[in-house]
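Q: I would like to go through this structure before planning any further reading. Could we take it one topic at a time?

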Amino acid sequence: GPLKPEITITYIAVSAIFFNSGLSLKTEELTSALMHVKLHLFVQIFTLVFFPTAIWLFLQLLSITPINEWLLKGLQTVGCMPPPVSSAVILTKAVGGNEAAAIFNSAFGSFLGIVITPLLLLLFLGSSSSVPFTSIFSQLFMTVVVPLIIGQIVRRYIKDWLERKKPPFGAISSCVLLMIIYTTFCDTFANPNIDLDKFSLIIIVFIIFSVQMSFMFLTFLFSTRNNSSFTPADTVAVIFCSTHKSLTLGIPMLKIVFAGYEHLSLISVPLLIYHPAQILLGSLLVPTIKSWMVSRQKALKLTRQPKAPVKV
């Protein structure tokens, strides 16, 4: 259509989100986030190892149900996807969490996903294809890393203006993300060969919301343990980055790995549902998570304050 998603979404939209992040993020915060190795390990292991394995075990139970088998295979592909390059960052920023850590894990997870996601799809689904790693890697570099660096460079020259005017960076990113979702839905459901039964679709939607809620709660429990060493702001980044899955990387990757599959449209449906569902659920939980983070930060400040000496 007139929106030309093959250009505007694939290149311009994602680049705009990361240029926006580079412009709004303080350079010192991004630098300190790079050193938070424990947080990065937790996020990447959860999303690329624990998540797909847990989904695979769950699907062994669901395989005996009358749910459409191709939708179930689609659920497994969701589990194999890397973290998103946009939504986790936007929601972390909306809460006031560790945005720098979210950006690093989104970018790093996306690069890992170029290699790991096709291997996971091969392991869990038996699909094999000659995946053009070089072209995907270069596209990711140009749409994620380069805009982020340019944004940081531009910020150095207009830093004072940005701090005075405080542009609505969050609103801009949200609008771009909405356009990504809209065009992807149009692309998939415009396929005349897609054959969905209502029962399977309703069950898949219920499963997706249940999985997201369960995994968000699980990451919250792990990251708030006494020996985790994560701050409340870190926990926010962990919750969103560990449980969110990339649509902008996922759909092109599915088209490459499952090239020629007649059921590709059905396999894509769970990811198309998962992506807006994670944004909807995340947006609904923003006020709750924000109030928890603020109260937790206040409590930590009080415990660190030296007690006044008692007068005798």
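A: A polar contact here is a pair of N or O atoms within 3.5 Å; within protein, one must be able to donate a hydrogen and the other to accept it. Please note also that this is a predicted model.

Q: With that in mind, what lies 3.4 Å from a polar atom of the side chain of Gln76?

A: That is the backbone nitrogen of Trp56. The Gln76 side chain also has a polar atom 3.2 Å from the backbone oxygen of Pro52.

Q: Where is Gln76 found?

A: Gln76 belongs to helix α4, which covers residues 69-80.

Q: Is Gln76 buried or exposed?

A: Gln76 is buried, because its relative accessible area is 2% and buried means under 20%.

Q: Which residues is Gln76 in contact with, leaving aside neighbours within four places in sequence?

A: Gln76 is in contact with Pro52, Ile55, Trp56, Leu59, Phe124 and Leu125.

Q: Changing topic: how many salt bridges does the structure hold?

A: The structure holds one salt bridge. The side chains of Glu99 and Lys93 form it, at 3.6 Å from N to O.

Q: How do Glu99 and Lys93 count in terms of accessibility?

A: Glu99 counts as buried, because its relative accessibility is 10%. Lys93 counts as partly exposed, because its value is 30%.

Q: On to the surface. Which residues form a nonpolar patch?

A: Val37, Leu41, Ile45 and Val49 form such a patch, and together they have about 360 Å² of accessible area. Ile45 sits in helix α3, residues 37-62, and counts as partly exposed because its relative accessibility is 48%.

Q: What does the UniProt annotation "transmembrane region" cover?

A: In an unreviewed entry, that annotation covers several spans, including residues 37-58, 202-223 and 264-286.

Q: How far apart are the end C-alpha atoms of residues 202-223, and of residues 264-286?

A: For residues 202-223 they lie 32 Å apart, and the span is 100% helix and 0% strand. For residues 264-286 the separation is 34 Å, with 100% helix and 0% strand.

Note on methods. Residues numbered from 1 in each chain as written. Predicted model: local features only at pLDDT ≥ 70, side-chain atom pairs only at ≥ 80, totals over all residues. Heavy atoms only, no water. Salt bridge = Lys/Arg side-chain N within 4 Å of Asp/Glu carboxyl O. Buried < 20%, exposed > 50% of the residue type's maximum accessible area, 1.4 Å probe, protein only. Patch = residues over 30% accessible without salt bridge, like charges linked within 9 Å, V, L, I, M, F, W, Y side chains within 5 Å. Areas by Shrake-Rupley, 256 points an atom, 1.4 Å probe, with all protein chains shown as cover. Helix = DSSP H or I, 4+ residues; strand = E, 2+ residues; numbered from the N terminus. Contact = heavy atoms within 4.5 Å. UniProt positions renumbered as here; feature names shortened; annotations may be inferred.
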